[in-house]
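Thank you for making the time this morning. I would like to take you through one model, going from strand pairing to the helices and then to a few individual side chains.

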Amino acid sequence: LAARGVKTSREEADSEEKRKMVSGSLYRASDDQLVRDRSFAHRAARIYNCTFGGTSREDEDARSTILRLLLSRASDNYPPLIEPPFQCDYGYNISLGERFYANFGCVLLDCNKITIGDDVMLGPNVQLYTAGHPVDSSVRNFKPSGQELEYAYPIKIGNSVWIGGGAIILPGVTIGSNVVVAAGAVVTKDVPNDCMVAGVPARVIKQLGQAETSRE
């Protein structure tokens, strides 16, 4: 990454706005440190996506190295497979369990923590949003008309979860283990273990057993 002009060091002390961001308080995304952090993540993601032009062991090693630098946690024993294009805001707020798979077009807006368990699969164009904006325009709007503030709440996903294509997970949602989220669902509230949810907004449509194998 350094050879490609991407600064890899993030050892500076956290700014006040960064601390606000990960605590769920209103914060300014225009903070200098946050701008630098996003720039690093965006450039690293672009390089990651470009490595899929080849299939050599060198390309695979490059992808693993980039994810280790970019993410808070990615398994060494079972490295995540994230198809391109992959996009995130910061990377360092993303923790992935073992055997993680994301199909094309994965977007993880990790202004707050995104914690994902083992054996989780994301379909194409799945989007996880920790980021949100106040409904009061005087707080939300960019300068000079407003205060330019936003917020972020963490997302947690348990083990053995399949999220279908085009689904959206909104800020603050916790999804339990052994869960299926149907394609196109918009998940606005917590999801318990052992169930399938679907719709906009998503609701439980079926209870799942531990040995559930149905394609319904």
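Before the first pair of strands, one definition: two strands are said to pair if DSSP finds at least two bridges between them. Please keep in mind throughout that this is a predicted model.

With that rule in hand, let me begin at strand β17, residues 195-198, and its partner β18, residues 203-207, which run antiparallel and are joined by four bridges. Within that pairing, cysteine 195 stands opposite glutamine 207 in β18. The hairpin that these two strands form has four residues between the strands, and there glycine 199 takes a positive phi near 100°. Strand β17 is also joined to β15, residues 179-181, this time in parallel and through three bridges, and here it is valine 179 that stands opposite cysteine 195. Are the two faces of β17 covered or open? Both are covered, with Cys195 and Val197 buried on one side and Met196 and Ala198 buried on the other.

Next comes a sheet elsewhere in the chain, an open one of five strands in the order β2-β5-β8-β13-β16, with parallel pairing. Its edges are β2 and β16, the latter being residues 186-187, and each of these pairs on one side only. Inside that order, β8, residues 127-129, and β13, residues 168-169, are held in the parallel sense over two bridges, and the bridge partner of glutamine 127 in β13 is isoleucine 168.

Which residues does leucine 128 contact, once its neighbours within four places in sequence are left aside? They are Val107, Leu108, Leu109, Ile114, Ile116, Ile155, Ile157 and Ile169. For one of these, isoleucine 114, the separation from leucine 128 is 14 residues in sequence and 8.2 Å in space, taken from C-alpha to C-alpha.

Let me turn now to the helices, starting with α2, residues 32-50, whose 19 residues reach 27 Å from first C-alpha to last, close to the 27 Å expected at 1.5 Å a residue. At the start of α2, a side-chain oxygen of aspartate 31 comes to within 3.2 Å of the backbone nitrogen of glutamine 33. The buried residues of α2 include Leu34, Phe40, Ile47 and Tyr48, and the buried set packs against α1, α3, β1 and β2.

Helix α3 has 14 residues and reaches 20 Å, again from first C-alpha to last, which is close to the 20 Å expected. Where on α3 do the buried residues lie? Those residues are Asp59, Arg63, Ile66, Leu67 and Leu70. They cover an arc of only 95° around the axis, so they sit on the same side of α3.

Finally, a word on the cysteines, for which the count of disulfides comes to zero. Cysteine 106 is in no disulfide, and the nearest cysteine sulfur, that of cysteine 88, is 9.0 Å away. Cysteine 106 is buried at a relative accessible area of 1%, and cysteine 111, at 2%, counts as buried too.

Technical notes:
Residues are numbered from 1 along each chain as its sequence is written. This is a predicted model: local features need pLDDT of at least 70, side-chain atom pairs count only at pLDDT 80 or more; totals for chains, interfaces and linings use all residues. Side-chain values use heavy atoms; hydrogens and water are left out. The expected span of a helix is 1.5 Å times one less than its number of residues. Buried means under 20% relative accessible area, exposed over 50%, partly exposed in between (1.4 Å probe, protein chains only). Contact means heavy atoms within 4.5 Å. A polar contact is a pair of N or O atoms within 3.5 Å; within protein, one must be able to donate a hydrogen and the other to accept it, and residues adjacent in sequence count only if both atoms are side-chain atoms. The arc is that of the directions from the helix axis to the C-beta atoms. A disulfide is a pair of cysteine sulfur atoms within 2.5 Å.
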